[in-house]
Amino acid sequence: MTDGGARVATTTLIEITPLASEKLQKVLAEEGEEGLLLRVMVTPGPNGGFQYTLGVEKEAGVNDFVTDTESVQVLVDAESAPLIE
């Protein structure tokens, strides 16, 4: 379900456990639309660590990597991907 030139990740950028996948499905279903994707963003934190942000998107962007997990498609932007790896 990639769109707009998004890239399918050739390695697993993120792993989601079956229980987490089940919870994410419920959260995405509560949004009231089908086919929503989970966005994961990583930014450097103020004290040298990282900050992780989760969001919901309707479609992948041009610079996104798309990872298919058990039941949820995960989007990671090109800037966040190296920080996740």
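Which residues make a nonpolar surface patch of about 310 Å²? The views below start there. This is a predicted model, where local features need pLDDT of at least 70, side-chain atom pairs count only at pLDDT 80 or more, and totals for chains, interfaces and linings use all residues. Residues are numbered from 1 along each chain as its sequence is written, and side-chain values use heavy atoms, with hydrogens and water left out.

**View A. F50, Y52 and L83 make the nonpolar patch.** Patch members have over 30% relative accessible area and no salt bridge, and nonpolar side chains are joined within 5 Å; areas come from the Shrake-Rupley method with a 1.4 Å probe. Y52 sits in strand β3, residues 50-57 (strands are DSSP runs of E, at least two residues; helices are runs of H or I, at least four). Y52 counts as exposed, at 56% relative accessibility (exposed is over 50%, buried under 20%, partly exposed in between).

**View B. K58 and E33 pair up in a salt bridge at 3.6 Å, N to O.** A salt bridge here puts a Lys or Arg side-chain nitrogen within 4 Å of an Asp or Glu carboxyl oxygen. K58 is in the loop between β3 and β4, and E33 in the loop between α1 and β2, 25 residues apart. K58 is exposed at 61%, while E33 is partly exposed at 40%.

View C. R39 meets E57 at 3.5 Å and D64 at 2.7 Å. Both D64 and R39 are buried, whereas E57 is partly exposed at 29%.

Terms used:
Patches are made of residues with over 30% relative accessible area and no salt bridge: like charges are joined within 9 Å, nonpolar side chains (Val, Leu, Ile, Met, Phe, Trp, Tyr) within 5 Å. Buried means under 20% relative accessible area, exposed over 50%, partly exposed in between (1.4 Å probe, protein chains only).
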